[in-house]
Amino acid sequence: MDLMNRIFKSYLDKFVVVFIDDILIYSRNKEEHAEHLRIVLQTLRDKQLYAKFSKCEFWLNEVTFFRHVISADGIKVDPKKIQSILDWKPQKIVSRVPEFSRFS
């Protein structure tokens, strides 16, 4: 377990997600979020770790994190990551259409 996961172990999957050095804080409402943010920042301070303010984003209603868009509506794949599939033009020449039936 890496350092950040150890530091935030008691908060993981409750209101914190850590990926390497990225910390995502999620909450049900603004009051809860203020408390969660205070806990995370205090924990960093107690461990003498610091967040680079220019890389921080606070009070977002929606965030893109690890190729997913997370909001109050739930978690969905980042639309930018599937745009090429949506733009895929159907093949007009039958011989170029892959044979999917052999994988059934």
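How much accessible surface does the protein have, and what share of this surface belongs to carbon and sulfur atoms? The accessible surface is about 9,300 Å², with 55% belonging to carbon and sulfur atoms (Shrake-Rupley method, 1.4 Å probe). This is a predicted model, in which local features need pLDDT of at least 70 and side-chain atom pairs count only at pLDDT 80 or more, while totals for chains, interfaces and linings use all residues. Residues are numbered from 1 along each chain as its sequence is written, and side-chain values use heavy atoms, without hydrogens and water.

View 1. The protein has 3 helices and 5 strands, being DSSP runs (helices H or I, at least four residues; strands E, at least two) numbered from the N terminus.

**View 2. The largest nonpolar core, with 12 residues.** Such a core is a set of buried Ala, Val, Leu, Ile, Met, Phe, Trp, Tyr and Cys residues joined through side-chain atoms within 4.5 Å; buried means under 20% relative accessible area, exposed over 50%, and partly exposed in between (1.4 Å probe, protein chains only). Among the members are Met 4, Ile 7, Phe 15, Val 18 and Leu 44. Helix H1 (3-7), strand S1 (16-19) and helix H2 (30-46) each give two or more residues, and H2 gives the most, with 4.

**View 3. Contacts of Ile 7.** Apart from neighbours within four places in sequence, Ile 7 is in contact (heavy atoms within 4.5 Å) with Thr 43, Lys 47 and Leu 49.

**View 4. The aromatic pair of Tyr 11 and Phe 15.** Rings of Phe, Tyr and Trp (its six-membered ring) pair if their centres lie within 6.5 Å; planes under 30 degrees apart count as stacked, over 60 as edge-to-face and the rest as tilted. The count comes to 2 aromatic pairs. Tyr 11 and Phe 15 form a tilted one, at 5.1 Å centre to centre and 40° between the planes. Tyr 11 is partly exposed at 24% relative accessibility, whereas Phe 15 is buried at 7%.
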